[in-house]
Amino acid sequence: VRISVALLATFGAPLVEEVVYRGILYSSLERVAGRGAGVAVVTLLFTLVHVPQYWGSVATITAILLLSVVLTLLRALTGSLLACVATHFVFNAI
């Protein structure tokens, strides 16, 4: 079970999260509110969704916030999800 959860977290979650947050949400917000607002809102939403899981660990929540900034800026600057998914995979694998 632990191995299955680890594999799912490493490979499944990044793909799904990137499609939802940087694919669907960011694209919509950028179109409606602009790049800056899209980056800010998606970064905060992604971080807030992970807070309950890591409650009590300020360092982990800060790392996720920074990861989200990087991933969302990658999406904004490249226009592609590929770099986001790859970076997220590596982060989770580590």
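A search of the whole structure, which is a predicted model, finds two salt bridges. One of these salt bridges links R22 with E18, and the points below take up that pair, then the packing of helix 2 with helix 3, and then the largest pocket.

- R22 forms a salt bridge with E18, and the closest N and O atoms of the two residues are 2.8 Å apart.
- Because R22 and E18 are four residues apart in helix 1, about one helical turn separates them.

**Packing of helix 2 and helix 3**
- Two packed helices are described by the distance between their axes and by the angle between those axes.
- For helix 2 and helix 3, the axes come within 9 Å and cross at roughly 145°, and the crossing is right-handed.
- On the helix 2 side the contact is made by R35, G38, V39, V42, T43, F46, T47 and H50, while helix 3 brings I61, I64, L65, S68, V69, T72, L73, A76 and L77.

**The largest pocket**
- The largest pocket has a volume of about 250 Å³, and 14 residues line it, of which H50, Q53, Y54, F91 and N92 lie nearest its centre.
- At least two residues of the lining come from each of helix 1 (2-33), helix 2 (35-50), helix 3 (58-78) and helix 4 (82-93), and helix 3 gives the most, with four residues.
- The lining of the largest pocket divides into eight nonpolar residues, five polar residues and one charged residue.

Notes:
Residues numbered from 1 in each chain as written. Predicted model: local features only at pLDDT ≥ 70, side-chain atom pairs only at ≥ 80, totals over all residues. Heavy atoms only, no water. 1 Å grid on protein atoms, 1.4 Å probe; cavity = no way out; pocket = protein on both sides within 12 Å on 5 of 7 lines; lining within 4 Å. Points joined across faces, edges and corners; volume = space filled by probe spheres on them. Nonpolar A, V, L, I, M, F, W, Y, C, P; charged D, E, K, R; others polar. Axes fitted to C-alpha atoms, helices over the stretch in contact; angles between N-to-C directions. Left-handed = near helix turned anticlockwise from the far one by under 90°. Contact = heavy atoms within 4.5 Å. Salt bridge = Lys/Arg side-chain N within 4 Å of Asp/Glu carboxyl O.
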